[in-house]
Amino acid sequence: MFAFLLFEMACKQSQICLVPQLITIQGVYVSQDTSSTIKDTVLDNAIWLFGKDSLFYTQSRNTPYFSIVPSQIQDSSVFYFYIDSTTIQTSIPDTITLYSQRNLHFISSACGFQTYHELQAVKYSTLTIDSIYISDPNVDNQINKKHLQVVIKK
Amino acid sequence: MSLKNKWILCCVLIYIVPQVCIGQTKDSMYKKFTYARIGVDMAKLVANVMQNQYATYEFMIDANFKKDINIVSDFGFGHSSVKNSFIEYASRNYFTTFGIDKTFFNKEYFGDMDNVFVSLRYGFAHVKRQDATYAIQDPIWGNVQGVYPSTSFNAHWLEFGSGFKMQVYHHIFLGWNIRFKTLINPKKVQNLAPAYISGYGNGNKNTVFGYNMFLLYGFGKRN
């Protein structure tokens, strides 16, 4: 009985949260070639700025993929996109606004909640971006999804 | 209740009903419900003292039905709380289980009540959860805090177990058992699951192992 009690105590102590509370929007850069077929496009040094004072960033180095974090406190999130991070001081970024419906999702009693998003719409400027498509509106804790397709101007 | 769970419940009833009914003709000389035992789970009382996440008070009553079958019921109540940097809530519940204990060995002497058994039970708990306050730590856009409203729900589960009961003094018995429990309606329980459902165990898990150490007092006429 004592062994069982110790076992039970050990199990209770191990309730540590290992699941991140923040959910990311996954995306892919694409471009149209001359035959109008869309294919993944590797960007050498793209950067996204976002957050409270746009102080946070995520950089895409030699990859066609990116991930950004949407706001959990309001239904719209504003992102600034530079196609080349070395020109951040001199160039004007594209502004992307994502509108989403936020849904509270319970993870566990060790981790509490996280916010799932259902993407509703996207608005964007077209300095370096041709267009943006929502390919999967449901942003949840599945990491293999691609929610956005960003078509880069040639 | 899902189709799968209905099948499980049907299978359990198909097992229990013949055990109970067939005995009426086969053991017609056997006097039913002449001896009963009531007891308290001592292990849970000790566990209550050793941690502060939950408290549970569990009792058991059994009565002889056939030579090798006792009708058994557990009942009790408890409360639990979750408190960490992400979420804080408390819950209370009461529970009851019904089922049978089927013993293995023949009686060695008149009134022998010592035995090893396997058990099968259906469990039910009514859970009340209070408002939950939560915080999502987000250094990027700002932390989120809120209150998730209180709710009540019922939990249903099945138990399969094994154990023994032995007489330690006149009408005093000790009974130890280990049980495998599986929720029939896990979806009802999963959202803000109680840290501990009295009678079941960890509310975050669809299947759990549990144990009891009962101290029982028996009364009545032994067969």
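By contact I mean heavy atoms within 4.5 Å, and on that rule the contact takes 31 residues from chain A and 34 residues from chain B. This is a predicted model, in which local features need pLDDT of at least 70 and side-chain atom pairs count only at pLDDT 80 or more, while totals for chains, interfaces and linings use all residues. Residues are numbered from 1 along each chain as its sequence is written, chains are lettered from A in the order in which they are written, and side-chain values use heavy atoms, with hydrogens and water left out.

The area buried between the two chains, that is, the accessible area (1.4 Å probe) lost on putting them together, summed over both, is about 3,000 Å², and carbon and sulfur atoms give 68% of that. Across this interface the rule finds 0 salt bridges, a salt bridge being a side-chain nitrogen of Lys or Arg within 4 Å of a carboxyl oxygen of Asp or Glu.

On the side of chain A that touches chain B, at least two residues each come from α1 (2-13), β6 (76-82), β7 (94-108) and β8 (112-124), helices (H or I, at least four residues) and strands (E, at least two) being DSSP runs numbered from the N terminus. The largest share, 5 residues, comes from α1(A).

Let me turn to backbone geometry. Most residues other than glycine have a negative phi. A:Ser54, however, has a positive phi of about 55 degrees, and A:Ser54 lies in the loop between β3 (46-50) and β4 (56-60) of chain A. A:Asn62 likewise has a positive phi of about 55 degrees, and its place is the loop between β4 and β5 (65-68) of chain A.
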